[in-house]
Amino acid sequence: MANIKSAAKRAKQAVKQRAHNMAQRTELRTAIKKIVAAVAKGDQASAQAVFQAQVGTIDSIADKKIIHKNKAARHKSRLTKAIKALGASAAA
């Protein structure tokens, strides 16, 4: 445990910040799972609608530096690619 008052305060703040960051990260994972579930159903239009609704969440979490912006971009890219593949498989 911290011996100095300021160190004790920082430790308390770190616990609160970690809890907040973990909640944000959980929200991100939930958003991604919602999109993946929509893609798994096979309907491109509904998957696109879910993607549009959740992309703001992904960007917001990246803006808060909970995850790196490149990681957010990578997730969005892969999910977009999966949604576009639904249209290609439906046309074929």
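How many residues does helix 1 have, and how far does it reach from its first C-alpha to its last? Helix 1 has 37 residues and reaches 55 Å. That is close to the 54 Å expected at 1.5 Å a residue. The expected span of a helix is 1.5 Å times one less than its number of residues. Helices here are DSSP runs (H or I, at least four residues), numbered from the N terminus.

This is a predicted model, in which local features need pLDDT of at least 70 and side-chain atom pairs count only at pLDDT 80 or more, while totals for chains, interfaces and linings use all residues. Residues are numbered from 1 along each chain as its sequence is written, and side-chain values use heavy atoms, with hydrogens and water left out.

Start with helix 1. Its buried residues are Ala 8, Gln 24, Leu 28, Ala 31, Ile 32, Ile 35, Ala 38 and Val 39. Buried means under 20% relative accessible area, exposed over 50%, and partly exposed in between (1.4 Å probe, protein chains only). An α-helix has 3.6 residues a turn, so residues three or four places apart point the same way.

His 20 is found in helix 1. His 20 counts as partly exposed because its relative accessibility is 43%. Its C-alpha atom is separated by 15 Å from that of Thr 30, 10 residues apart along the chain. Ala 37 is also found in helix 1. At 39% relative accessibility, Ala 37 counts as partly exposed.

Next comes the end of the helix. Helix 1 is followed by Gly 42, whose phi is positive, near 95°. Across this part of the chain, Ala 37 and Ala 47 are 10 residues apart in sequence. Their C-alpha atoms are 8.3 Å apart in space.

Now follow helix 2, residues 44-63. Its 20 residues should span 28 Å at 1.5 Å a residue, and its end C-alpha atoms are 28 Å apart, so the two values agree. Helix 2 has a kink of about 30°, centred on Gln 54. The bend at a residue is the angle between axes fitted to the seven residues ending there and the seven starting there. Gln 54 is also one of the buried residues of helix 2. Asp 59 is partly exposed, with a relative accessible area of 29%. The C-alpha atoms of Asp 59 and Lys 76 are separated by 9.2 Å, although these residues are 17 residues apart along the chain.

How do the two helices meet? Two packed helices are described by the angle between their axes and the distance between the axes. Helix 1 (residues 5-41) and helix 2 pack at an angle of about 160°, with their axes 9 Å apart. That makes helix 1 roughly antiparallel to helix 2. Axes are lines fitted to C-alpha atoms, for helices over the stretch in contact, and angles run from 0 to 180 degrees between N-to-C directions. Angles over 145 degrees count as roughly antiparallel, under 35 as roughly parallel, 65 to 115 as roughly perpendicular and the rest as oblique. Helix 1 passes helix 2 in a left-handed crossing (the near helix is turned anticlockwise from the far one by less than a right angle; clockwise would be right-handed).

On the helix 1 side, the contact is made by Gln 24, Glu 27, Leu 28, Ala 31, Ile 32, Lys 34, Ile 35, Ala 38 and Val 39. Helix 2 brings Ala 47, Val 50, Phe 51, Gln 54, Thr 57, Ile 58 and Ile 61. Contact means heavy atoms within 4.5 Å.

Take one residue from each side. Gln 24 lies in helix 1. At 10% relative accessibility, Gln 24 counts as buried. Leaving aside neighbours within four places in sequence, Gln 24 is in contact with Ile 61, Lys 64 and Ile 66. Thr 57 lies in helix 2. Thr 57 is buried, with a relative accessible area of 18%. Thr 57 touches Glu 27 and Ala 31, not counting residues up to four places away in sequence.

The walk ends just after helix 2, at Lys 65. Lys 65 lies in the loop between helix 2 and helix 3 (69-91). Its phi is positive, about 65°, although Lys 65 is not a glycine. At 73% relative accessibility, Lys 65 counts as exposed.

Terms used. Helix = DSSP H or I, 4+ residues; strand = E, 2+ residues; numbered from the N terminus.
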